[in-house]
Amino acid sequence: MSTDTVTDVFEEHRPVLVGVAYRMLGRVADAEDVVQEAWLRWSGADRSEVREPRGYLVRVTTRLAIDRLRQVKARNEAYVGPWLPEPYVTDFGDMVPDTAERAVLADSVSLAVLVVMESLSPLERAVFVLREAFGYPYAEIATMLDKGEAAVRQLSGRARKHVEERRPRYDVDPVQRRDLTERFLAAAAEGDLQGLMSMLAPDVRLVGDSGGKSKAPLRVIETADKVGRFLVGAARKGVPDLSFRFLELNGGPALLLLSGDKPDSVFQLDVVDGRIQSVYVVRNPDKLQSLAA
């Protein structure tokens, strides 16, 4: 296999590898590091006996991600305030033409699901990602992880039950979420508390992630009154040279606020029955670096 072919094969499968690694780790930088390490393994491997490059690369990436996840979990134990995954730009383009498959991929990368997945063991998380997000058969996952198929089925069942029991329910209609996000921005910017309250579910939750490196609540804020008043107060303090952009992040519409040309924060909403159920705010500057471009 020529150098060009080796590179071309890897680049063909890179989006899948990044997708696996990000769902495993919840951080873009960690996912990119894992994929880079997978490239080094691939470029230096004896490929004469590799029958299926994609399966080989996913196996290598998954194992590297499991090792990295164990390190990340130890790091997150000392995290200041609530933890949220790093915002991840999702644009499946022509790679995923099927609407149902797009919905599955979008759900598996949503902030709500990734937060729930944090409580899975590394092996449970690997099996869940490979099975639920990418549809790999149990036998193939067992080979990737050097486990028996029965053990993989057990891990899958346990992980799926855990996620289903804890995942928040939310509507996936992107048009509705985009509309509510625009109205949410307008009401917050105008200090319209009543307008905000009309959009918020009574038991709405606001989760802010600053990592102790910028201003954000160190605890989850709950109830429409408290969340609405917090948002109006934050808007009054303002952001210097404020501008904003709408992006698709983690499978849904999101709002990126910029101070000058520097990312300041990301807002994303979960919507249930036409009202905002969760407000996610990412302000940790380390988690916004990938959005600077």
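## The buried face of α9

In this predicted model, helix α9 buries Arg-177, Leu-180, Thr-181, Phe-184, Leu-185, Ala-187 and Ala-188. Seen down the helix axis, these buried residues fall within an arc of 170 degrees, so they line one face of α9. An α-helix has 3.6 residues a turn, so residues three or four places apart point the same way. On the other side of α9, Val-175 and Ala-189 are exposed.

What do the buried residues of α9 pack against? Two helices are involved, α10 (193-199) and α11 (224-237). So are four strands: β3 (242-249), β4 (252-259), β5 (262-272) and β6 (275-282). Helix α9 itself covers residues 174-189, 16 residues in total. Its first and last C-alpha atoms are 22 Å apart, close to the 22 Å expected at 1.5 Å a residue.

Helix α8 has 18 residues and should span 26 Å at 1.5 Å a residue. Its end C-alpha atoms are 26 Å apart, which agrees. The buried residues here are Val-152, Leu-155, Ser-156, Ala-159, His-162 and Val-163. They cover an arc of only 135 degrees around the axis, which puts them on the same side of α8.

The face turned away from that buried side carries exposed residues: Ala-150, Gln-154, Lys-161 and Glu-165. What covers the buried residues of α8? The cover includes α5 (111-117), α6 and α7 (138-145).

## α6 against α8

Helix α6 (residues 122-133) and helix α8 (residues 149-166) have axes that come within 8 Å. They cross at roughly 85 degrees. That makes α6 roughly perpendicular to α8.

Which residues of α6 and α8 meet? From α6 come Leu-123, Glu-124, Val-127, Phe-128, Arg-131 and Glu-132. From α8 come Val-152, Leu-155, Ser-156, Arg-158, Ala-159, Arg-160 and Val-163. By class, this contact of α6 with α8 has 7 nonpolar, 1 polar and 5 charged residues.

## α7 against α8

Helix α7 packs on α8 at an angle of about 105 degrees, with the two axes 9 Å apart. The two helices are therefore roughly perpendicular to each other. On the α7 side, the contact is made by Tyr-138, Ala-139, Ile-141 and Ala-142. On the α8 side, it is made by Glu-149, Val-152, Arg-153, Ser-156 and Arg-160. By class, the contact of α7 with α8 has 5 nonpolar, 1 polar and 3 charged residues.

Val-152 and Ser-156 are among the buried residues of α8.

Most residues other than glycine have a negative phi. Where does Thr-223 lie? Thr-223 is in the loop between β2 (221-222) and α11. Thr-223 has a positive phi of about 85 degrees although it is not a glycine. Its relative accessible area is 34%, so Thr-223 is partly exposed.

Asp-241 lies in the loop between α11 and β3. Its phi is near 50 degrees, a positive value in a residue other than glycine. Is Asp-241 buried or exposed? At 61% relative accessibility, Asp-241 counts as exposed.

Lys-226 is found in helix α11. With 55% relative accessibility, Lys-226 counts as exposed. Lys-226 and Ala-29 are 197 residues apart along the chain, and their C-alpha atoms are separated by 34 Å.

Conventions: Residues are numbered from 1 along each chain as its sequence is written. This is a predicted model: local features need pLDDT of at least 70, side-chain atom pairs count only at pLDDT 80 or more; totals for chains, interfaces and linings use all residues. Side-chain values use heavy atoms; hydrogens and water are left out. Axes are lines fitted to C-alpha atoms, for helices over the stretch in contact, and angles run from 0 to 180 degrees between N-to-C directions. Angles under 35 degrees count as roughly parallel, over 145 as roughly antiparallel, 65 to 115 as roughly perpendicular and the rest as oblique. Contact means heavy atoms within 4.5 Å. Ala, Val, Leu, Ile, Met, Phe, Trp, Tyr, Cys and Pro count as nonpolar, Asp, Glu, Lys and Arg as charged, and the others, Gly among them, as polar. The expected span of a helix is 1.5 Å times one less than its number of residues. Buried means under 20% relative accessible area, exposed over 50%, partly exposed in between (1.4 Å probe, protein chains only). The arc is that of the directions from the helix axis to the C-beta atoms.
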